[in-house]
Every structure is written in C-alpha cells, then in structure tokens.
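Work through the exercises below with the model open. Try each task before reading its solution.

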Amino acid sequence: NVLDSTLEFDKVINEIEHLNEITKQISSLSLNFDEIFNKIFDYLSKTYGFEGCYLSLITNDKKYIKIEKHIFPSNINMKSIFKGEMKYQIQKNGCRTSSCIFENKVFFFTDVIPSKIEHEFKRRVVETLKIKSVIHVPVNLESEAIGALTLTTHEKSVYLSDKDIESMQRFVNQMSVMLTNAKLYEEISNKSNE
C-alpha cells in the first residue's frame, strides 16, 4: 500500500531529524559526562515513558561491569542493593545486563513479576527497585558491546513495538561515542586532579 509506505517513510525521516537535533544538543554539552547522561535519559524518558535508568560499562581490566551512572525516582534506593562500589564480576550466564553485553542483544521485559524470578539476587533487585518493565540496550563502540544502558519503569508497565526498540537501539548507538568520550575525559580529569 502506497499510503502505508509513505507514512512509514515520513516516520523514519522524522526520527532521523529528531535524532540529529538531540545529537546537536548533546554535542553542545562538551564532555560533561553527567550532563550527557542526563540528556540521554531525558530523551528516552519523554519518548518512551521510562522512569529510571542506569549505565553499566565494562571496566578497563575487563573483569567487572560497573554501574557508572544511574537515575531513579526518589523513592528508589539503588545503593541499597550494592555494598560500596556498584560493580560486579562479569559472568557469561549472569544477570541480564551481562547477557546484553555478551550477546550484544536487547532484552525487553514488559510485565515483570518478581515471584517468577528464580534467581534470588535478581528477584531481590527487581523487588527493591520495584521494576515493572525493563529494557537492556547494548552500548556499542565500533560494533563491540562495551556496556549496557538499562531503562526501567516503577509505577506502570511500558509497551514498546519492535520499531520502538529498533529506534531506541539506533539512538543509543549514536550516543555511545559521546558517552564513552565523556567518561574517558572524566577519568583523565580525575587522575590529573589527584
């Protein structure tokens, strides 16, 4: 159908224009890691309805996955799950974040039911964070997954189409270079201030 094709084409053009605009805005933030992360979350939150987000990156020694930055509603306490630094050992069959990175694949769960989660730690995380929906999107650098961006809802479930998920992946891939450059800049700045 020509009308459907035209509408689909218009949607793609609109998405590209929107991505270009948000990319310009984020590029103007220079290399401030917090501001870039916040702007990315703001866009994904407004566009898809997510309420929480955390960015996990593989550490330089490739032994751990570290939660570099997170944003959650004020009634959610992410630090209550971790003792001290928010990192955990990389395990091939570990949590969904690990699977997302290892398999370089998106994982999306719409209606999360804690009682159906067999693994005790994973169930506790979902219960503590009151997660209703969650999506793990790989953060790629030159087609290699170096981390994952995890988005969550806590009040209500969110429903995404395959096209929404593909659009989100494109956005995260586009933002990954800015995120990693800003993170590297932050690390260099912190070392020079020691």
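**Exercise 1.** Among contacts in the protein chain between residues at least 6 apart in sequence, what percentage join residues at least 24 apart?

*Solution.* Start with the ground rules. The model is predicted, so to speak of local features pLDDT of at least 70 is needed, side-chain atom pairs count only at pLDDT 80 or more, and totals for chains, interfaces and linings use all residues. Residues are numbered from 1 along each chain as its sequence is written, and side-chain values use heavy atoms, with hydrogens and water left out. Contact means heavy atoms within 4.5 Å. The share is 60%.

**Exercise 2.** Find the residues with the most contacts inside the largest nonpolar core.

*Solution.* A nonpolar core is a set of buried Ala, Val, Leu, Ile, Met, Phe, Trp, Tyr and Cys residues joined through side-chain atoms within 4.5 Å. Buried means under 20% relative accessible area, exposed over 50%, and partly exposed in between (1.4 Å probe, protein chains only). Of the 194 residues in the chain, 41% are buried. The largest core has 30 residues, and Leu44, Ile135, Leu149, Leu160 and Met168 have the most contacts inside it. Helix 2 (33–48), strand 1, strand 5 (133–141), strand 6 and helix 5 each give two or more residues to this core. Apart from it lies another core of 19 residues, including Phe72 and Ile117.

Now take Ile135. Beyond its neighbours within four places in sequence, its contacts include Phe50, Val106, Leu149, Leu160 and Met168.

**Exercise 3.** Is glutamate 166 buried, partly exposed or exposed?

*Solution.* Glutamate 166 sits in helix 5. Its relative accessibility is 41%, so glutamate 166 counts as partly exposed. Its C-alpha atom is 9.4 Å from that of valine 106, 60 residues away along the chain.

**Exercise 4.** Which element supplies the largest share of the lining of the second largest pocket?

*Solution.* List the contributors. Strand 1 (52–58), strand 2 (64–71), helix 3 (96–103), strand 6 (144–153) and helix 5 (162–192) each supply at least two lining residues. Helix 5 gives the largest share, five residues.

Technical notes: Helices (H or I, at least four residues) and strands (E, at least two) are DSSP runs, numbered from the N terminus.
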